[in-house]
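Student: I am new to this structure. Please take one part and walk me through it closely.

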Amino acid sequence: MKLNINGVERQVATDWQDETLLTVLRDHLGLPGTRFSCGIGQCGACLVHVEGSPVSSCLMSVKQAADKNILTIEGLAADDGTLHPLQQAWIDENVPQCGYCQSGQIMQALALLETTPDPDDADIDQAMNGNLCRCGTYDRIRKSIKKAAIVMREAN
Amino acid sequence: MAGISRRKFLIATGWVAGGATVLYTLRNKAISVAPTVIFPDAESGAAWLQIRPDGVCRMFFARMDMGQNANTGLAQIVAEELNLNVQDIEGVTPSTSDVTPIAVTAGSMSLTAFSRPTAIAAATLRESMRARAAIKLGIPGSDILDDAGGFQTTDGRKLKYADLVDQTNLMVEFDDSKPAPNLYTFDATRDKKQVGHDVTPLDIRALVTGGAVYTADVPMQNLLFGRAIQPPVRNARIGKLDTTGVSDTKGFVKLVQQDEFVGVVCKTPSAVDAAMAKISVTWDLQQPINQQEIDRLVDVDAEMALGDLEHILLDEAHRKDVDWAIDLRFDVQTQTHAAQEPRAAIARFNDVDNEGETDHALEIWTGTQDPFGIKRFASMDTGLSENDVVVHPQRLGGGFGGREHYEVERDAVRLARAVKQTVKVQWTRQDEFTASRSRPASAHRVRIATDDAGNLSDWWYGYITGHVVFARERLPDWLLPVARLAEDMGVVKGALSPYSVPHQRVEYKDVDLPIDLGVWRSLNGAPAIFAIESAMDELAQQKNIDPVEFKIAQMDGGQPRLQNCLQLVAALSAKRSLPKGAGYGRGFACGIYDKRCYVAVSADIHIDHETQKINVLHMSCVQDVGMAVNPGQLRAQIESNLAWSVGMALLESFEVGDNTIQSANFDNYSIARMADMPSLDIEIVDQPNIPPAGAGEVALVAGPPAIANAIRAASGFRALSLPISFKDVV
Ligand code: FES
Ligand code: FES
């Protein structure tokens with residue numbers, strides 16, 4: 001079984017083929033940036049993009065993801081280490097507290113900006129409402145999304 | 001550490017490899033059974049600061065990071081004293097074998113307890129470097145002036161710290177019987193370069209790129225996965241246990257049973273889920289678990305009808321029979337921590353004797369507020385000596401008071417020992433909720449009377465809450481009855497009002513509840529101050545007086561810092577106009593946390609009949625916790641507390657029933673989400689002359705009553721129990 005993760009083809013060993021996409025990423029392929037928190041699609045910590053769409057990887061079996069293109073938080077920065085505008089905005093606004101939810105927040109924000117390059121507050125509320133942050137960094141996430149949106153629009 | 005001198009110890013841990021090391025000391029503050037509250041003392045010298053031969057300044061980070069970023073604040077202090085840039089400081093999180101015990105990271109004590117010793121350590125190091133420079137150049141120390149990263153002479157020669165250290169060890173010890181060197185951090189006249197400025201946490205890049213920073217991310221060879229059954233309450237005993245079919249699970253390795261402990265080890269995480277799903281347990285309980293039982297136990301009115309409550313906190317010319325203007329009962333719900341990271345631990349047993357060199361027998365990787373507590377308990381659990389246990393503390397994905405105990409670590413340790421292989425345990429969300437040591441439910445009776453001039457004359461506040469610090473199982477059985485004769489510092493938080501009243505009584509009782517209880521952000525601070533500030537607001541409303549003016553007047557000249565916060569928040573909120581129309585309201589509340597943190601909050605709310613929701617539109621907050629070491633960080637903590645305020649006032653409720661914990665995941669325990677968040681205006685009152693106090697739990701005391709008071713202003717509805725729902729109001 002093969003997965004295409006962040007542009008790299010990876011093999012899934014037989015023992016791991018009954019797992020979820022999340023546990024394969026984290027515990028089999030050494031990509032722990034995608035986090036586990038609720039396991040039932042209620043928090044967004046495990047969010048990745050599969051064929052360009054946001055998916056809760058805790059709910060997707062790795063079989064469903066076989067041969068698909070998967071983007072995780074580890075694949076967001078450029079190869080030379082330049083951060084994605086969303087990551088940079090997250091640093092500029094000093095968003096993370098404990099940081100645990102932030103991979104999922106950034107991946108969800110990316111999905112939002114791909115469909116809505118100039119989101120207003122209602123767009124952000126709607127798109128981000130499934131991503132929980134117990135530390136309450138929402139206000140900064142909102143500001144960062146708006147900031148990154150400007151950078152990304154200017155780059156296009 | 002007995003038997004090893006400090007110096008030997010430092011060398012043993014590899015911290016004195018040339019360069020200059022400073023050892024800082026702080027007198028013992030307190031000793032207790034559990035958790036670890038041994039602050040660094042003159043014997044242990046628990047933290048080090050070092051300028052290495054290459055000139056790089058390195059420090060041990062003494063605090064467990066869970067989002068509060070206290071270490072960044074401490075690094076700012078070091079940078080200020082040494083004229084460095086905070087970004088140039090290299091921070092290392094020590095394992096339990098690198099340092100002698102340091103206190104549990106809790107109670108927002110980090111900056112309070114550590115800022116001064118840190119400043120002294122860094123200043124001592126700076127002055128010793130200055131003395132070396134003087135010798136090297138053959139000029140008096142007074143001619144050697146500060147410069148970025150070192151010194152310069154009056155005639156313009158420059159010396160970096162790297163020029164002053166070499167490969168030989170230099171140990172700088174601060175003798176706390178002598179006066180401390182000049183501390184730049186606490187010099188109010190100094191134009192500070194590091195302290196008082198916003199600093200991004202030093203490790204932020206890893207947090208936005210998916211770096212491996214939490215326990216479950218630590219890479220391990222030959223790892224197995226495991227989990228153990230969590231009882232709904234810790235004093236439950238297994239009645240019936242059925243493990244039929246568990247061993248048939250694909251990827252199954254072992255079923256481990258030891259008294260009340262039942263766990264499995266498998267080759268992959270999903271195999272653990274499958275195996276665990278096949279285990280069924282019926283629990284024998286000592287008390288039924290349901291809400292009626294909790295309500296009965298905290299029924300403050302029933303208890304006050306019988307006479308005095310168990311503990312009298314304040315009794316000043318108390319009068320029972322007066323004409324009470326306010327006589328209200330407030331009920332506050334049970335809440336859980338719900339940190340986003342379900343706790344995890346990895347345990348590995350190593351071969352002990354490696355040709356005379358002791359390899360540690362047990363290593364544990366875990367995110368915990370109390371690494372030394374975990375070490376102690378793991379030693380008791382396994383029978384290994386404490387010297388044979390090492391805990392490698394990891395970053396926490398949220399703590400909030402819930403991560404002090406030997407629990408997930410116990411699971412990993414027992415399972416790893418049983419299979420003789422490294423085992424990782426990550427709790428499920430349901431485990432997190434089931435094993436919650438929750439903030440107890442509580443009930444509060446507040447009675448207030450006024451004199452002819454309208455000033456407070458009588459105050460009678462009685463409350464019942466579950467235990468907090470002295471909760472069952474936080475202390476050994478033999479100690480509990482003795483400890484409980486004393487005041488539970490968690491239970492009394494927030495109970496004394498800031499108002500001036502000639503006749504007062506404050507009394508309380510703390511009880512066991514049928515669920516496990518513990519330390520939750522602000523302890524009893526938020527529940528008590530919700531009751532007090534709601535009652536005061538109600539009195540102001542009844543008298544038709546502006547609540548802010550009324551409260552300030554009733555402080556009668558006392559509490560100037562709190563008055564200041566209230567005045568400032570009134571001005572801050574006035575910058576925004578409340579939308580006109582039905583259903584909009586603005587409320588205020590204030591509070592003192594831990595006798596040294598002052599806060600006032602305003603909330604603007606809208607009761608939306610169309611969506612049938614109460615929306616918090618905007619909150620303003622003014623906070624004074626002394627010196628603002630890192631104002632950006634203080635602001636972040638306030639934002640977090642305001643999000644929790646929305647949760648406590650409107651959303652969160654820990655459900656129990658049918659002898660079990662009903663709240664099992666985020667689909668039946670609501671915390672604040674993006675759309676629930678109001679816009680925020682925050683103002684920090686900086687007090688450069690007052691040592692910093694913690695900010696981690698302050699604003700949560702005033703946020704919920706501000707929201708409740710706004711609902712009162714909008715609708716006339718006085719919230720008597722939390723959380724408040726739309727249905728309550730209409
Ligand atoms: S862990 Fe997948 S949505 Fe929460
Ligand atoms: S930063 Fe801690 S959960 Fe979001």
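Tutor: Start with two helices of chain A. Helix α4 (residues 102-115) and helix α6 (residues 138-155) have axes that come within 11 Å and cross at roughly 45°. Helices here are DSSP runs (H or I, at least four residues), strands are runs of E of at least two, and both are numbered from the N terminus. Axes are lines fitted to C-alpha atoms, for helices over the stretch in contact, with angles from 0 to 180 degrees between N-to-C directions. α4(A) and α6(A) are therefore oblique to each other. Under 35 degrees counts as roughly parallel, over 145 as roughly antiparallel, 65 to 115 as roughly perpendicular, and the rest as oblique.

The crossing of α4(A) and α6(A) is right-handed. That term applies if the near helix is turned clockwise from the far one by less than a right angle, and left-handed if anticlockwise. On the α4(A) side, the contact is made by A:Gln102, A:Gln105, A:Ala109, A:Leu112 and A:Leu113. From α6(A) come A:Ile141, A:Ile145, A:Ala148, A:Ala149 and A:Met152. Contact means heavy atoms within 4.5 Å. By class, this contact has eight nonpolar, two polar and no charged residues. Ala, Val, Leu, Ile, Met, Phe, Trp, Tyr, Cys and Pro count as nonpolar; Asp, Glu, Lys and Arg as charged; the others, Gly among them, as polar.

A word on the source. This is a predicted model: local features need pLDDT of at least 70, side-chain atom pairs count only at pLDDT 80 or more, and totals for chains, interfaces and linings use all residues. Residues are numbered from 1 along each chain, chains are lettered from A and ligands numbered from 1 in written order, and side-chain values use heavy atoms, without hydrogens and water.

The structure holds five cavities of 30 Å³ or more. A cavity is a set of points, on a 1 Å grid over the protein atoms alone, where a 1.4 Å probe fits but cannot get out; lining residues have an atom within 4 Å of a point. Points join across faces, edges and corners, and a volume is the space filled by probe spheres set on them. The largest cavity holds about 80 Å³. Its lining includes B:Thr336, B:His337, B:Arg343 and B:Glu407. Three lining residues are nonpolar, four polar and five charged.

Finally, two loops of chain B. The peptide bond from B:Leu722 to B:Pro723 is cis, with omega near -5°. B:Pro723 sits in the loop between α16 (703-715) and α17 (726-729). B:Asn83 has phi near 55°, a positive value in a residue other than glycine.

Key: 1 Å grid on protein atoms, 1.4 Å probe; cavity = no way out; pocket = protein on both sides within 12 Å on 5 of 7 lines; lining within 4 Å.
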